[in-house]
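Here is a short report on one protein chain. Look at its sequence and fold, then read on.

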Amino acid sequence: MDGQVDAGPATGDIEARYRLVTESWAQAVWETDAAGVVVNDSSTWRAYTGQTSEEFLGYGWLNAVHADDRAYAERQWRDATQARTLVDAEFRLRAPGGGWRWTNVRAAPLFDAAGEIQKWVGINIDIDARKRAEDALRESEERQAFLLELSDVLRPLSDAADIERTAAALLGRKLGATRVFYATIDPGGTTWSVIHDYADGVPSNAGRYPLTGFQEARLAQWRSGRMSSVSDSLTDPGLNDDERAAYAVFGARAAIGVPLVANGRFAALLVVNQREPRAWSANDLALTRETAERTWSAIERARAEAALRDRERLLRGVLDGMDEGFGIIGPDFTVLEYNREALRMDGRPRDAIVGLTHWAAFPGTEHSDVGHMLKTAMATREPAVLDHCYTWSGGRSLWLETRVYPTDDGAIAVFWRDITDRKRAADALHDSEKRYRALFTSMDEAYAVVDVLKDDAGRWVDFRFVDANPAFLTHTGMPWPVGRTATDLLGAPNPRWTALYGQALDSGEPLRIEEAEPSLGRVFDLNIFALDPDRHRVAVLFTDITARKRAAERLTTSEERLRSAVEVAKIGLWDWDMRTDTISWSDEHFRMSGFAVGEVTPTYEAWAASIHPDDRAATEAALVTARDTHTEYVREFRCLYPDGTVRWHAARGRFFYDAAGIPVRMIGAQRDTTERREAADHQQILLAELQHRVRNILAVIRSIISRSNDGERSTEEYVQHLQGRISALARTQVLLTRRAGASVDLEDMIRDELLAQVAIDEQFSLSGPDVELSPKAAEVLTLAIHELATNATKYGAFSRIGGHVVVDWAIEAREDSRWLILQWTERGVPIVDAAPRRHGFGSALITRRIPYELKGDGQISFRPGGLHSRIEFPLQPGDSILQTNGVVR
């Protein structure tokens, strides 16, 4: 109806029902005249907007629309009334208690029988909650995006003033504020200082200002950490004259204040000013508060980092001014500090010592007297003194006086006078070795260290085991390998493994690979990495995955067998995950549904659409019944391919259920049963033909017996004549049932059939060219001739003396094929006697089966003198449908 409502005789009833429905979910229902002018009062409109009846009438309803939306609302209404179309618009309406609410206005014209607008009917649906939720979500997303941008911008800044200035500018531009600044509160809490501010179109207000202009209640609010906001300083009832004057100093009519209270003291205030009145939204307040919190966090970080740098510079000055070496060693014996004098005595740069363990920085010291002293002092927290001599790797030696003093943070301070430490971090190395050995011996994975060997030509040829863990024996089944080469253990090294070890050494890159060891009959997952290239040493971490690989191979083989069986049997499989509503089809299922593999996405809808429309409802109902009754799904139905082909499918499936009895999965299979059903149909036809043929044969035999006895033959001649005719009839049946695989001569076939029926061969004549019939054509045509001859024997030309049958045929070329035209004409039969009382199997055979089986045409007519039949069909090859030495298809 294109949005038009016809106001017919039942308009009153329709409107009553309409109002009953709409008033149950709309907030206001109203109507106008044909021009769109409100002429009737609406109690629901008055209740929804607070307008009086007089205010509502005419176009007065526009005064209830928000000023920002009014032009839009009027344009939507006038455009719709002019175009005579539906109205669907959203805008804000005045609420009875004040404020504004979003509404969805929908209206439609009512037409009379002549197609003229009778009036307009409309409703208002309150959508305020939805619109506010959308606005809140959008504002939250925008706020979070702004805060992320703020964090990214502030992160690289290290100066507090830069952080304040940058944050104020970003916030000011985001809010469209006149001025944003950070004010620092003096320790006495009487004044605040503005160092710099963000100002848009107004002068900077940097300077020092008294706090006495604000009421104690306002100051108490800030001291407690609660933010404040003022929408209009001139009309805010909570402000006194002094506070209004304070706002005037900054040229602010609206403001937000977010305090920073640190260690119980009101320390700073983030201020946002607007020179005209502004109703701050909840989003404005939240954005300002979160900006303040992130800014102050960034400032504290910057100040802490700056203080740390200052302390480090001070400490560095003191240490470098000392006339003796000084260092600090941490609880883990890491050298944390080294002064200038200590570096001078050592002769190495700072980064060669600081950050290393003492034992690594000074090789050989861990188990020396110095190491004992350091460890004792670290453990006992007692000072110690030792004189010793240390020799560098280049031969340079110094005797040093070493004094050790424990510190409060768990480290020790070491002073050197003309000494250095000569001991490497043997203890740390020893501890590391112990941890390594514990891991090495307890791990489940096999681990070995090997030295890869080269021949004189520099080729990797063998490898010797340097170390191995107990798991090595479990995973390989080999004897203890350490000290022996692969040749010793296996008779010959695996060239592949040797090449992989050499590759790890040559490239310096670790390798991850699965590799078989035929001599052990196992497959390993290998991780190979260079350990010491100078000594051609690699480490290999590996796991025996033989069982897993064999299981995977067995699974693959099993799946291949199943896939082959399914493909050979031409079974289509499906698997339906009902929790996710995803379906997978086998390749054969695609083909059985008339699609190429992957042509469509398997879905329930795609499967249902492939079912023949006549079978779809019953098939889907059977599926639902099986699901609901927890029974097996069994159904045979027709499938309609996209190209119009119809195929029969037999499907069987089973549902699986969770603990609550809810179906969660269905798997099943289906087979194409078209050939089986066609074979069954053919079998029924053959059975009917056989039954009919037997009845006819018996009737013919009775006729032959009666017609063969003309009273002039002796008994012996009668028997011989009867045996000959019955033998001819038997030969015809042999032709029909045994000569399905060879061509048949048309004239011989007709002659044999007629001789089996006629006692006197002068009663028929044959004429036509030589024609070889295909088995199928011979079978069908033999049946037709048989029926015609039987009919002639019972009722026609062969049933009376003087009757005669003429059978002639010819070949005719039609559309690149050869057609046989055969005519059967009976003479000497009165038309009354020849006309049948019913149309039986013979008539159906000629007029229906000839077109069906041979794609031709068959006709029967009754003329003066007897029956006439015309049979024509294309001469084409065709298998016998009565063949008994093959499978019926």
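Which residues does Leu781 touch, not counting residues up to four places away in sequence? Leu781 touches Leu746, Met749, Leu773, Leu820, Leu822, Ile871 and Phe873. Contact here means heavy atoms within 4.5 Å.

This is a predicted model, where local features need pLDDT of at least 70, side-chain atom pairs count only at pLDDT 80 or more, and totals for chains, interfaces and linings use all residues. Residues are numbered from 1 along each chain as its sequence is written, and side-chain values use heavy atoms, with hydrogens and water left out.

**Cores.** A nonpolar core is a set of buried Ala, Val, Leu, Ile, Met, Phe, Trp, Tyr and Cys residues joined through side-chain atoms within 4.5 Å. Buried means under 20% relative accessible area (1.4 Å probe, protein chains only). The largest nonpolar core has 34 residues. Leu781 is among those with the most contacts inside it, as is Trp824. Helix α24 (775–794) is one of the elements that supply at least two residues.

**Strands.** Strands are DSSP runs (E, at least two residues), and helices are runs of H or I, at least four residues, numbered from the N terminus. Two strands pair if DSSP finds at least two bridges between them.

| Strands | Bridges | One partner pair |
|---|---|---|
| β12 (residues 325–329), β13 (residues 335–338) | Three bridges | Ile328 and Glu337 |
| β20 (residues 522–532), β21 (residues 537–544) | Eight bridges | Ala530 and Val538 |

An open sheet has the order β18-β17-β21-β20-β19. β18 and β19 stand at the edges, each with a single partner strand, so one side of each is left without a neighbour in the sheet.

Terms used
Buried means under 20% relative accessible area, exposed over 50%, partly exposed in between (1.4 Å probe, protein chains only).
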